[in-house]
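Please open the structure in your viewer and keep the selection panel at hand.

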Amino acid sequence: APRIVVMAVPQKGRKIGGEQNPGAAICEWKEKPQVIDPNEMILWVAKTESALRQPVHKREDCKMLMCHTKPLRVEIAEGEQAKDDDEAMFKDRHKNCKHESVEVFDLEFH
């Protein structure tokens with residue numbers, strides 16, 4: 001049967017000198033829908049518009065994706081200890097995110 005696959009594709013970073021910046025990372029997010037850094041965003045994807053119109057706590061038919069680039073908080077943290085603490089926290093927070101496409105929905109036509 002015919003089908004459509006909906007994918008989320010993170011953008012690659014810029015090439016600076018000879019190094020490729022990894023760019024954006026993405027993952028399905030199961031935690032509280034809250035961003036803690038300006039370089040994070042929550043993306044809601046649904047099969048219908050009405051599912052997205054539901055209040056956040058009732059969006060059972062939606063998928064929530066975390067998208068992020070290098071955390072700004074790490075860049076502006078004052079002192080090495082603060083930078084190390086923020087890096088460790090974001091490493092754990094973003095542990096499931098990757099710089100690859102993520103399948104969101106695989107829908108079959110009837």
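Select glutamate 49 and arginine 53 to begin: their side chains meet in a salt bridge, with N and O 2.5 Å apart. The term denotes a side-chain nitrogen of Lys or Arg within 4 Å of a carboxyl oxygen of Asp or Glu. Glutamate 49 counts as exposed at 53% relative accessibility, and arginine 53 counts as exposed at 63%. (Buried means under 20% relative accessible area, exposed over 50%, and partly exposed in between, with a 1.4 Å probe and protein chains only.)

The model is a predicted one, in which local features need pLDDT of at least 70 and side-chain atom pairs count only at pLDDT 80 or more, while totals for chains, interfaces and linings use all residues. Residues are numbered from 1 along each chain as its sequence is written, and side-chain values use heavy atoms, with hydrogens and water left out.

Next, select arginine 73 and aspartate 86, a salt bridge whose closest N and O atoms are 3.1 Å apart. Arginine 73 belongs to helix H2 (residues 72-76) and aspartate 86 to helix H3 (residues 80-93), so the pair ties together parts that are 13 residues apart in sequence. Helices (H or I, at least four residues) and strands (E, at least two) are DSSP runs, numbered from the N terminus. Arginine 73 is partly exposed, at 31% relative accessible area, whereas aspartate 86 counts as buried at 13%.

Move on to arginine 3 and aspartate 106, which form a salt bridge with their closest N and O atoms 2.8 Å apart. Because arginine 3 lies in strand S1 and aspartate 106 in strand S7 (residues 102-108), this pair ties together parts that are 103 residues apart in sequence. Both partners are partly exposed: arginine 3 has a relative accessible area of 44%, and aspartate 106 has one of 37%. The search of the whole structure finds eight salt bridges.

Remain with strand S1 (residues 3-8), where methionine 7 is placed. Methionine 7 is partly exposed, with a relative accessible area of 40%.

Finally, turn to the rings. Select arginine 59 and tryptophan 44: the charged end of arginine 59 sits over the ring, 4.7 Å from its centre. Such a contact requires NZ of Lys or CZ of Arg within 6 Å of the ring centre and within 35 degrees of the ring normal. Then select lysine 63, which lies over the face of phenylalanine 105 at 5.2 Å from the ring centre.
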